[in-house]
Amino acid sequence: MANIICPRISEEYRRDNVFREAAYILFNDYLSLQQALRSDANSHYNMLRASGLLRRLFIDQHSVASYVAKRTALELLVTRYVFRGPKTERKISDLDPLYQIFAPKSAGNHPPMPQPPWDIVQSCEEYLASEIGILGGRSVTPKKIILLYARKLGGVHFDVPIFRGNSKEPEVKDMHRFNVSHRIFGKPPSHPMMKQVASDLFRTLGPIAKTLEVNGITGTAQP
């Protein structure tokens with residue numbers, strides 16, 4: 001593979017305390033997300049923890065990842081292998097080496113199958129809005145599953161009505177009812193969805209975190 005070259009962050013942003021603070025949050029959230037996934041990705045608590053990090057990084061109106069990415073000249077790209085879903089013109093192999101090192105490993109080692117997996121590259125916005133499954137008869141997207149865990153199940157907020165079964169949000173109520181009444185290998189059906197989304201978006205942060213590290217911008221601007 002070609003030498004990995006990270007963009008150089010301009011002196012303007014190096015001296016900008018707002019950028020440095022956002023970069024500090026992103027880099028440390030990246031490490032926290034890594035810990036949640038590597039220590040025990042099958043832990044419900046770790047997925048709740050991951051959802052809070054992902055909400056701040058990708059979902060909030062002024063998301064940290066979007067703010068930092070624009071100032072490091074890097075795209076927020078999600079690289080993954082899918083067996084069904086949208087085919088995209090961009091392939092992992094076409095990306096800059098900086099992105100390739102954080103992409104998932106080749107799916108070519110799967111047993112023979114009629115439809116081989118596609119390696120696809122999506123923008124973060126496309127990925128967050130794409131359907132990844134069905135829960136309680138409701139279409140689930142990465143954004144919805146992050147918000148379910150973060151805003152309802154305790155990742156950031158603990159929503160008492162949803163646990164009492166009297167949530168006023170029909171979609172959330174249906175998803176949660178199905179989630180608590182079914183199990184897949186001992187886990188609620190939403191767990192593998194949340195785990196996959198956390199893994200996908202962790203890889204998305206890789207090129208930015210590496211660039212911040214190479215540029216020496218990983219410490220807080222606050223005293």
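## Exercises on a predicted protein chain

Of the 223 residues of the protein chain, 46% count as buried (buried means under 20% relative accessible area, exposed over 50%, partly exposed in between, with a 1.4 Å probe and protein chains only). The model is predicted: local features need pLDDT of at least 70, side-chain atom pairs count only at pLDDT 80 or more, and totals for chains, interfaces and linings use all residues. Residues are numbered from 1 along each chain as its sequence is written, and side-chain values use heavy atoms, with hydrogens and water left out.

**Exercise 1. State how many helices and strands the protein chain has, and how its radius of gyration compares with the globule rule.**

Step 1. The protein chain holds 10 helices and 4 strands (DSSP runs numbered from the N terminus: helices are H or I with at least four residues, strands are E with at least two).

Step 2. Their order along the sequence is α-α-α-α-β-α-β-α-β-β-α-α-α-α.

Step 3. The radius of gyration is 18 Å, close to the 17 Å from the globule rule for 223 residues, so the protein chain is as compact as a globular protein of that length (the radius is taken over C-alpha atoms, and the rule is 2.2 Å times the number of residues to the power 0.38).

**Exercise 2. Explain why helix α3 is described as largely enclosed by the rest of the structure.**

**Exercise 3. Decide whether Ser190 is buried or exposed, and find its contacts.**

Step 1. Ser190 lies in helix α10.

Step 2. With a relative accessible area of 0%, Ser190 is buried.

Step 3. Leaving aside neighbours within four places in sequence, Ser190 is in contact with Leu135, Ile145, Tyr149 and Asn179 (contact means heavy atoms within 4.5 Å).

Step 4. The side chains of Ser190 and Asn179 make a polar contact at 2.9 Å (a pair of N or O atoms within 3.5 Å; within protein, one must be able to donate a hydrogen and the other to accept it, and residues adjacent in sequence count only if both atoms are side-chain atoms).

**Exercise 4. Decide whether Ala73 is buried or exposed.**

Step 1. Ala73 is found in the loop between α4 and β1 (77-82).

Step 2. Its relative accessibility is 69%, so Ala73 counts as exposed.

Step 3. Phi of Ala73 is near 60 degrees, a positive value in a residue other than glycine.
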